[in-house]
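Subject: Structure handover

Hello,

Here is the structure for your files. My notes on the rings and the packing follow below it.

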Amino acid sequence: MPTAAQYLVDFLRRRGVDRAYCVPGESYLPILDAFLDSPIDLITCYHESSAGFMAVADGRITGIPGICFVSRGPGATNATIALHTAQQDAVPMILFIGQVERRNLRRESFQEIDYGKMYSTICKWVAEVTDPARLPEVLARAMHVATDGTPGPVVVVLPEDMLDEPMDPPSEKPHAATRTAPAPQAVDAVLDLLGKAKRPLIIAGGQVAAGDGRAALKTFAEKWSIPVVVSFRRHDLFSNSSPLYAGDLGVSNTPAQVESFRSSDLVLAIGTRLGDLTTKGYTFPASPWPEQTLVHVCDDPAAIGINYQPDIGLACTALSFLEAVNAGRAPAVAPDRSGWTGELAAHRDAIAAWRPRTSDDGIVFGNVVARLQEHMPADGIIATDAGMSAALMYRHFRYEPPQLLLATVTGCMGFGVPGAIAMALRYPDRKVVALLGDGGFLMTSNELAIAVARKVPVTFLLANNRSLGSIRAFQERVYPGRNSATDLSPPDFDLFARSHGCAYMRVEQEAEVDAALQRAVAHDGGPLLVEFRTSLSAALPEGAREKGQPS
């Protein structure tokens with residue numbers, strides 16, 4: 001008869017989990033022991049935030065909940081940033097927390113937290129298992145809740161004395177996801193609207209990435225000649241070189257581009273919750289009643305009608321909707337929307353254009369991003385952290401299928417290193433390149449040891465401008481000349497990399513950038529850290545540069 005811990009680990013295996021991340025703790029020793037007899041790859045991380053970030057990346061890649069184990073109290077609080085990321089990014093994830101013994105629950109015991117209260121606003125569900133007989137029920141529900149509707153994080157709390165108790169496992173059935181599909185009459189109504197629209201626009205959200213959603217979106221857009229704009233940080237959903245690609249809804253949109261979007265007469269929001277960043281603060285479309293006819297497709301009915309009253313709301317997966325409209329009638333005459341698509345493409349190209357620049361205080365990192373485009377493999381994967389380095393990628397790098405972008409909607413610092421490692425573990429035959437600022441890198445750089453131990457072929461491109469650059473830029477706009485708390489004193493990254501056994505390159509001159517990128521992307525002997533000594537002044541507002549602000 002297995003113990004509760006043994007049952008839990010084997011349950012995960014039966015549900016398709018092949019990798020889990022953890023920071024070990026005495027509060028779940030029986031689970032750690034059970035992993036010794038399991039084929040699941042358990043990876044020990046150096047901080048709970050990193051373990052959680054890796055689980056987030058894995059959940060996003062596979063569609064199976066990313067799995068993370070942490071200990072009570074400090075371990076659980078350290079992992080909170082990953083839960084928030086999974087919730088904001090709609091990623092399936094399960095965080096297992098070792099808890100105090102049952103006799104000490106709710107007595108303000110050492111390292112005890114009431115996780116139901118703590119996580120109530122950033123998780124889909126929190127459960128505490130005090131009886132091993134209830135464990136199968138809780139685990140089955142956790143898998144379902146994490147993946148059903150809009151995916152998200154679930155927390156399962158496990159008192160340590162419960163884990164060693166034997167239990168009688170019930171017979172199981174495979175997990176079956178809730179199947180949703182649009183009503184045929186609703187599909188017909190959407191096609192009727194498309195037949196009449198002069199300036200339709202698709203807003204493609206993250207849910208399009210599931211299954212064959214990207215291919216189905218391409219088919220739909222080309223069949224009806226509809227421009228596609230992607231939601232916040234979802235650039236890899238649609239070919240960026242397609243004449244139908246209208247750019248992204250994020251932080252780089254110009255007033256002229258947004259005005260063109262507003263001139264649309266039909267908006268098809270597919271696979272998105274229409275959050276504040278995607279909708280320009282709920283101004284496009286206008287909340288609650290858009291000027292355009294609005295079709296809102298989202299797999300979570302709770303997300304429809306909150307901020308927008310759609311003309312047609314469909315609570316179904318993006319893929320099921322796209323398959324239904326693709327199977328429906330074709331336009332009687334192929335619509336000529338070249339004027340509309342050309343107008344949007346002109347805005348897109350003006351925003352994405354990069355003009356090479358130089359600066360006296362270091363390499364302009366935008367030049368690095370522009371040259372990376374030429375060296376990135378056709379199936380390469382980009383992982384970003386937060387800050388200036390990521391912002392330049394979102395604006396100036398053009399993604400082409402099957403290239404992938406791993407970026408968080410939350411924009412949290414510290415995600416880049418663990419996220420890139422998780423991607424490289426999942427795709428060992430594809431080149432993974434992470435773009436990082438010195439601030440974000442230093443938050444989770446200790447996980448470099450995992451990449452070295454596993455010989456993970458990931459390349460880290462580090463923009464070292466000795467500053468929290470994006471915050472410094474905001475300071476200069478609001479408090480010109482009053483720099484506070486944003487200067488950094490980073491370590492010698494050469495010594496840092498070599499102390500971990502990681503290959504290292506330093507790039508200090510603009511003339512070295514192209515050759516360095518060629519070598520960096522071709523590197524396949526484990527991880528490589530490439531430090532670019534970058535310009536801070538180039539990242540600051542024009543006024544600050546003119547005043548000669550110190551770097």
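Buried means under 20% relative accessible area, exposed over 50%, and partly exposed in between (1.4 Å probe, protein chains only). This is a predicted model: local features need pLDDT of at least 70, side-chain atom pairs count only at pLDDT 80 or more, and totals for chains, interfaces and linings use all residues. Residues are numbered from 1 along each chain as its sequence is written, and side-chain values use heavy atoms, with hydrogens and water left out.

Aromatic pairs

Rings of Phe, Tyr and Trp (its six-membered ring) pair if their centres lie within 6.5 Å; planes under 30 degrees apart are stacked, over 60 edge-to-face, the rest tilted. The count is 13 aromatic pairs. Phe261 and Phe284 are stacked, because their ring centres are 5.8 Å apart and their planes sit at 20 degrees. Helices (H or I, at least four residues) and strands (E, at least two) are DSSP runs, numbered from the N terminus. Phe261 is in helix H10 (residues 255-262), and Phe284 is in the loop between strand E10 (266-270) and strand E11 (293-298), 23 residues apart. Phe261 is buried, at a relative accessible area of 0%. Phe284 is buried too, at 1%.

Phe365 and Phe532 pair edge-to-face, 6.0 Å centre to centre with 75 degrees between the planes. Phe365 lies in helix H13 (residues 365-375) and Phe532 in strand E18 (residues 528-533), so this pair ties together parts 167 residues apart in sequence. Both Phe365 and Phe532 are buried.

Ring pairs also link Tyr28, Phe35, Phe69 and Phe96 into a cluster.

Charges over rings

A charge sits over a ring if NZ of Lys or CZ of Arg is within 6 Å of the ring centre and within 35 degrees of the ring normal. Arg430 has its charged end over the ring of Tyr427, 5.0 Å from the centre. Arg477 does this with Phe474, at 5.7 Å.

Cores and helix H13

A nonpolar core is a set of buried Ala, Val, Leu, Ile, Met, Phe, Trp, Tyr and Cys residues joined through side-chain atoms within 4.5 Å. The largest has 58 residues; Tyr21, Met93, Leu95, Tyr119, Phe460 and Leu529 touch the most other members. A second, separate core of 36 residues includes Phe11, Phe35, Val156 and Met167.

The buried residues of H13 include Phe365, Val368, Val369 and Leu372. Among the elements that the buried residues of H13 pack against are helix H14 (388-396), helix H20 (513-522) and E18.

Best wishes

Key:
Contact = heavy atoms within 4.5 Å.
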